[in-house]
Amino acid sequence: MNPLSDRLGRERHTMARMVEIYCNARHGHGHAALCEDCRQFLDYAEVRLKKCPYGPDKPTCANCPIHCYKPGPRARARMIMRYSGPRMLLRHPYLAIAHKLDGLISANHPKELTRDQRAQMRER
């Protein structure tokens with residue numbers, strides 16, 4: 001399966017490209033590798049994506065009622081996205097447009113869903 005056709009796969013890919021753009025510009029490590037701090041942040045973001053209660057129906061983090069990042073990494077994510085977001089349109093236009101379209105998806109908090117709806121989310 002193409003990772004870009006899967007919502008979570010596309011989210012992982014988008015986050016990785018944003019971190020690469022940020023790290024290359026701020027820390028000068030080039031395209032080959034990320035600095036240790038950026039690598040740790042990206043690993044943290046991957047873990048948070050894997051544990052997302054929404055699964056494949058995950059909204060973008062800005063539209064999510066659940067804030068799963070701790071305050072430090074959340075501030076770092078905001079800083080990375082603020083820098084990389086405008087540059088994504090030129091470097092990775094498909095990912096940038098897909099991310100904007102994904103931002104139109106709204107999500108209810110899992111506690112607002114019925115038992116059957118929560119069960120369906122877990123099955124996906």
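This is a predicted model: local features need pLDDT of at least 70, side-chain atom pairs count only at pLDDT 80 or more; totals for chains, interfaces and linings use all residues.
# An all-α briefing: helix packing and aromatic pairs

Residue numbers start from 1 along each chain as its sequence is written, and side-chain values use heavy atoms, with hydrogens and water left out.

**Overall layout**

- The protein has five helices and zero strands, with helices taken as DSSP runs of H or I of at least four residues and strands as E runs of at least two, numbered from the N terminus.
- Reading from the N terminus, the order is simply α-α-α-α-α.
- Of the 124 residues, 33% count as buried; buried is under 20% relative accessible area, exposed is over 50%, and partly exposed is in between, using a 1.4 Å probe and protein chains only.
- Take the contacts between residues at least 6 apart in sequence: 71% of these join residues at least 24 apart, where contact means heavy atoms within 4.5 Å.

**α1 against α2**

- Helix α1 covers residues 7–27 and helix α2 residues 36–50, and the two pack at about 165° with axes 10 Å apart.
- Those axes are lines fitted to C-alpha atoms, for helices over the stretch in contact, and the angles run from 0 to 180 degrees between N-to-C directions.
- The α1–α2 crossing is right-handed, the label used if the near helix is turned clockwise from the far one by less than a right angle, with anticlockwise giving left-handed.
- On the α1 side, the contact is made by Leu8, Glu11, Arg12, Met15, Ala16, Val19, Tyr22, Cys23 and His27, and on the α2 side by Cys38, Phe41, Leu42, Ala45, Glu46, Leu49 and Lys50.
- By type, the residues of this contact split into eleven nonpolar, one polar and four charged; Ala, Val, Leu, Ile, Met, Phe, Trp, Tyr, Cys and Pro count as nonpolar, Asp, Glu, Lys and Arg as charged, and the others, Gly among them, as polar.

**Arginine 12 up close**

- Arginine 12 sits in helix α1 and, with 22% relative accessibility, counts as partly exposed.
- Leaving aside residues up to four places away in sequence, arginine 12 touches Glu46, Leu49 and Lys50.
- Arginine 12 and leucine 49 are 37 residues apart along the chain, with 7.6 Å between their C-alpha atoms.

**α2 against α3**

- Helices α2 and α3 pack at about 105°, with 11 Å between their axes, so they come out roughly perpendicular to each other.
- Asp37, Cys38, Phe41 and Tyr44 of α2 meet Pro73, Arg76, Ala77 and Ile80 of α3 in this contact.
- The residues there are six nonpolar, no polar and two charged.

**α3 against α4**

- For α3 and α4 the angle is about 125° and the axes are 6 Å apart, so the pair is oblique.
- Met88, Leu89, Leu90 and Arg91 of α3 make the contact with Pro93, Leu95, Ala96 and Ile97 of α4.
- That contact divides into seven nonpolar, no polar and one charged.

**Aromatic pairs**

- Searching the whole structure turns up three aromatic pairs; rings of Phe, Tyr and Trp (its six-membered ring) pair if their centres lie within 6.5 Å, with planes under 30 degrees apart called stacked, over 60 edge-to-face and the rest tilted.
- Tyrosine 22 and tyrosine 83 have ring centres 5.9 Å apart and planes at 80°, so this pair is edge-to-face.
- With tyrosine 22 in helix α1 and tyrosine 83 in helix α3 (residues 71–91), the pair ties together parts that are 61 residues apart in sequence.
- Tyrosine 22 and tyrosine 83 are both buried.
- Tyrosine 44 and tyrosine 69 also pair edge-to-face, at 5.4 Å centre to centre and 80° between the planes.
- Tyrosine 44 belongs to helix α2 and tyrosine 69 to the loop between α2 and α3, so their pairing links parts that are 25 residues apart in sequence.
- Tyrosine 69 has 13% relative accessibility and so counts as buried.
- Phe41, Tyr44 and Tyr69 make up one aromatic cluster.

**Lysine 100**

- Lysine 100 is in helix α4 (residues 93–102) and counts as exposed at 63% relative accessibility.
- Lysine 100 and threonine 60 are 40 residues apart in sequence, and their C-alpha to C-alpha distance is 8.8 Å.

Conventions
Angles under 35 degrees count as roughly parallel, over 145 as roughly antiparallel, 65 to 115 as roughly perpendicular and the rest as oblique.
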